[in-house]
Amino acid sequence: MKWLGAIVAIILWPVGVAAAEVIKLPVPDTTGGVPLMQALTARRSTREFSAKSIEAQDLSNILYAAWGISHEDKRTIPTARNLQKMRVFAARKDGVWEYDAAAGLLRRITEQDITDLLATQDFVKEAPLNLIYVDSDAKFGTMDAGAAYQNVGLYCASAGLNNVVRHNFDHAGVAEVLGVSEAEVIISQTIGWPHM
C-alpha cells in the first residue's frame, strides 16, 4: 500500500518538486473580517513592519484575497477577458513559493531568500512576506495585478496587517529567480504586522 501512495505523490507533484517543497494551506476563512466600508476606510500604505511571522491561516486568507478561486472556477478578482494568466509568488525568508489556488497550496520555486532583490527600501528587510505579481499578458496584466493587490490591501486592513505596494525593486533579478521575463514581473506587495 505504501508504494501506491508514493506513485500517487509522484503523479500529482511536478517534476523536481518533493514533498518538503509543498505547503498545504488551511482552507481560507471566508466568513470573518470587518464590514467592507470599515476596511475601505482603514486601508493604508504603511512602510513599517515587524519581523513577526504571518501564520498559515492569515497567509491562506491573503493569497485567497489576491488570486483565490471563489466560485465556478472564477477568481476572487476580475480578470481582463477572463484570461486568468496571472501568477502570484510569496517571497519569504525560507524561499519563494508559487500559489496554487486550485490545490490550496504553495510550491517552492527556490530556497533562496530574495529579500536583497526586493529590499531597495530598508523597511522591506523586516517584513515576513512579499507577494510578487507576474503576468505574461502585457496589455491586461497590470489590471489584474491592481485588482489583486487592492483585495490584499483590504484584507490587511481588516486583519490589522500593514502593507504597501511597491514597484521599486530589482525586476531583472526577481525575474531570473522566478524563471520569467523581466516584462512579466509587474509589482510587489510587502506585508507584515505592525510593531506592537
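Okay, ground rules before the pictures. The model is predicted, so local features need pLDDT of at least 70 and side-chain atom pairs count only at pLDDT 80 or more, while totals for chains, interfaces and linings use all residues. Residues are numbered from 1 along each chain as its sequence is written, and side-chain values use heavy atoms, with hydrogens and water left out.

Let's start with the whole chain. You're looking at six helices and nine strands. Those are DSSP runs, helices being H or I with at least four residues and strands being E with at least two, numbered from the N terminus. Of the 196 residues, 48% count as buried. Buried here is under 20% relative accessible area, exposed is over 50%, and partly exposed is in between, using a 1.4 Å probe and protein chains only. On contacts, meaning heavy atoms within 4.5 Å: if you take those with a separation of 6 or more, residues 24 or more positions apart account for 72% of them.

Now zoom in on α5, residues 141-159. This helix has 19 residues and runs 27 Å from first C-alpha to last, close to the 27 Å expected at 1.5 Å a residue. That expected span is 1.5 Å times one less than the number of residues. Which residues of α5 are buried? Among them are Asp144, Ala148, Val152, Tyr155 and Cys156. And what do the buried residues of α5 pack against? The partners are α2 (36-42), α3, β7 (129-134), β8 (162-166) and β9 (185-192).

Two packed helices are described by the angle between their axes and the distance between the axes. For α3 (residues 56-67) and α5, the angle is about 145° and the axes are 7 Å apart. The axes are lines fitted to C-alpha atoms, for helices over the stretch in contact, and the angles run from 0 to 180 degrees between N-to-C directions. The crossing of α3 and α5 is right-handed. From α3, the contact uses Asp58, Asn61, Ile62, Ala65 and Ala66, and from α5 it uses Ala148, Asn151, Val152, Tyr155 and Ala159. If you look at the spacing in those lists, here's the background: an α-helix has 3.6 residues a turn, so residues three or four places apart point the same way. By type, the α3 and α5 contact residues come out as seven nonpolar, two polar and one charged. The classes put Ala, Val, Leu, Ile, Met, Phe, Trp, Tyr, Cys and Pro in nonpolar, Asp, Glu, Lys and Arg in charged, and the others, Gly among them, in polar.

Next, salt bridges. How many does the structure hold? Five, where a salt bridge is a side-chain nitrogen of Lys or Arg within 4 Å of a carboxyl oxygen of Asp or Glu. Arg107 and Asp100 meet at 2.5 Å, N to O, and Arg107 counts as buried at 18% relative accessibility. Asp94 and Arg92 meet at 2.8 Å; Arg92 is also on the buried side at 19%, whereas Asp94 is partly exposed at 30%. Then there's Asp122 with Lys125 at 3.2 Å, where Asp122 is exposed at 58% and Lys125 is partly exposed at 43%.

Last stop, the loops. Have a look between β2 (69-71) and β3 (74-75), where Glu72 sits. Phi of Glu72 is near 45°, a positive value in a residue other than glycine, and Glu72 is exposed at 69%. Asp73 is in that β2 to β3 loop too, with a positive phi near 60° and an exposed 61%.

Over in the loop between β5 (95-100) and β6 (105-110) you'll find Ala103, partly exposed at 26%.

Ser136 and Ala183 are 47 residues apart in sequence, yet 7.8 Å apart in space, C-alpha to C-alpha.

That's my tour; over to you.

Definitions and conventions. A crossing is left-handed if the near helix is turned anticlockwise from the far one by less than a right angle, and right-handed if clockwise.
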